[in-house]
Amino acid sequence: MNLSGEIKLKGDREIEVIPASADKALRINLNKNIYGTFAEIGAGQETVRHFFRAGGSSGTIAKAMSAYDKDFSDAIYGVEDDGRYVTESRLRKMLSHETRLIEERLDRAKHPDKMFFSYANTVTTIDFAKQFKGHGWVGIKFQVEPNEEYNEIILHIRFKENDSKLQQETLGILGVNLIYGAFYKYNDPRKLLRYLYDHLDKDQLEIDTINFSGPRFKDVDNRIMSLQLVKNGMTDAVMFGPDGNNVLPAAVLYKKNILALRGSFRPVTKVNMDMYEKSLEMFLQEKKVEKENALVVFEITLSNLRSEGEIDELDFMDRAELLCSLGQTVMISNFQEYYKVVEYFSEYTKARMGLTMGVSNLIDIFDEKYYRHLSGGILEAFGKLFYRDLKVFLYPMEDEDGVVLTSQNLKVHPRMKELYKFFAYNGKVLDITDFDKDHLKIFSREVLKMISKGKKGWEDMLPEGIAELIKKKNLFGYNEETILEENTSK
């Protein structure tokens, strides 16, 4: 018997009810124990506005402020070394400062059950000329039990809308979603991440970096959470530094000479490192490239992370860990075609760039089927790819007959011959001539099979230290006990 009086028909499916922003704000306001501050800079007090309007805000808001004047802001939060205000460092100072004030000014003996929080954002909206759409840092420090250590969620956003008022409204909704998610979804960070887009569209806002920390998130791996950003379509690419931690793409790519290598790196092999070392050497010899300004990026596409239709997160962790152990910067992207990754880099730099690839990848680039969705077809793609200051460093391949293929003897479709000649003869494609021919016989997929089946000899195909790391941490399905049993039985 349905006591609620709601009619349910056969065939109905359960639909998750998403609370309105006003309802989220009201629920928080009506909780007598949630109490904190709001500090918003750059786009009005758009988040706290929702809580004021929902009613009952006096039980939630201890303080709301906006230090717009730079001198006022510096006096409150301190001066940044780089003089900028829309930075992660600025946001962290805001959160720490406001949290400290709560603890200093509110007596715990008087408020034994209060769960304190500090919400902050520092953003810049679209400029008057509408050339730069704006971006910002948003975060919260919060407790879910009185007196516990604070938990923290920090994210970086990029606005996509072309109107500052719309961007302000978007920021307000995002802020409500973040605060609500922090208190009511902290036990499931993946859901919390998805709920950040409640009542928002991905065409309004991009989240390209997120970090969780604190006692409630001690088991959260921020690399996995970054992978979720790409997987959920919240951003096109995320990056990790050599230390394995998330980095903001804009911070590491800005005005850099970028050399990118795309691959599966499953695992990273000697041929991968040979491609990297030899192409970097050539790249640094380019007139427009400065060694101090050069950045090498190892790119793994989302399609490369899929195993039987699903993304294997453990496999992703294995690959990222190995590359970071070699001191490399890793990017996970949703870019299928090379021209898209070049376009992405071009958002942050106008300096000369390079792509390192094998012969088979270059042949694929000249395959028209990959560009049928473009109105200008392959010519449009090549315009986007080679119009920019870009060089391709080509690593040779050995065919079935033992012939080494280079830019001089590779075969593209007859219709593409003249187009290929144009780019090759204009110095856009450069052969890597100094290579170890023995490396041409190394393939990651074969190494992976050898590891999983316990065959000997795979260690010699990997860079120094990688085999030891795979064995030590049982990466890529390596299991020493199983391998010992199999070898003993033989």
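Lys 191, Arg 194, Lys 231 and Arg 306 gather on the surface in a patch of positive charge. The model is predicted: local features need pLDDT of at least 70, side-chain atom pairs count only at pLDDT 80 or more, and totals for chains, interfaces and linings use all residues. Residues are numbered from 1 along each chain as its sequence is written, and side-chain values use heavy atoms, with hydrogens and water left out.

**Charged patch**

- A patch is made of residues with over 30% relative accessible area and no salt bridge, with like charges joined within 9 Å.
- A salt bridge is a side-chain nitrogen of Lys or Arg within 4 Å of a carboxyl oxygen of Asp or Glu.
- Lys and Arg count as positive, and the place of a charge is taken as NZ of Lys or CZ of Arg.
- Lys 231, one of the patch residues, lies in helix α7, which covers residues 222–231; a helix is a DSSP run (H or I) of at least four residues, and a strand is a run (E) of at least two.
- Lys 231 counts as partly exposed because its relative accessibility is 38%; buried means under 20% relative accessible area, exposed over 50%, and partly exposed in between, with a 1.4 Å probe and protein chains only.

**Aromatic pairs**

- The whole structure holds 22 aromatic pairs, where rings of Phe, Tyr and Trp (its six-membered ring) pair if their centres lie within 6.5 Å.
- The rings of Tyr 344 and Phe 345 form a tilted pair, because their centres are 6.2 Å apart and their planes stand at 55°; planes under 30 degrees apart count as stacked, over 60 as edge-to-face and the rest as tilted.
- Tyr 344 also pairs with Tyr 348, and this pair is edge-to-face because the planes stand at 75°, with the ring centres 5.5 Å apart.
- Tyr 344 is buried at 4% relative accessibility, Phe 345 is buried at 2%, and Tyr 348 is buried at 9%.
- Ring pairs also link a cluster of Phe 38, Phe 51, Phe 117, Tyr 119, Phe 142, Phe 183, Phe 212 and Phe 217.

**Backbone features in loops**

- Arg 266 and Pro 267 are joined by a cis peptide bond, with omega about 0°; Pro 267 is placed in the loop between β9 (257–262) and α9 (270–284).
- Lys 255 is a residue other than glycine with a positive phi, near 60°. Lys 255 is in the loop between α8 (249–253) and β9, and counts as exposed at 53% relative accessibility.
- Asn 474, although not a glycine, has a positive phi of about 55°. Asn 474 lies in the loop between α16 (466–473) and α17 (480–489), and is partly exposed at 44% relative accessible area.

Methods:
Patch = residues over 30% accessible without salt bridge, like charges linked within 9 Å, V, L, I, M, F, W, Y side chains within 5 Å. Areas by Shrake-Rupley, 256 points an atom, 1.4 Å probe, with all protein chains shown as cover.
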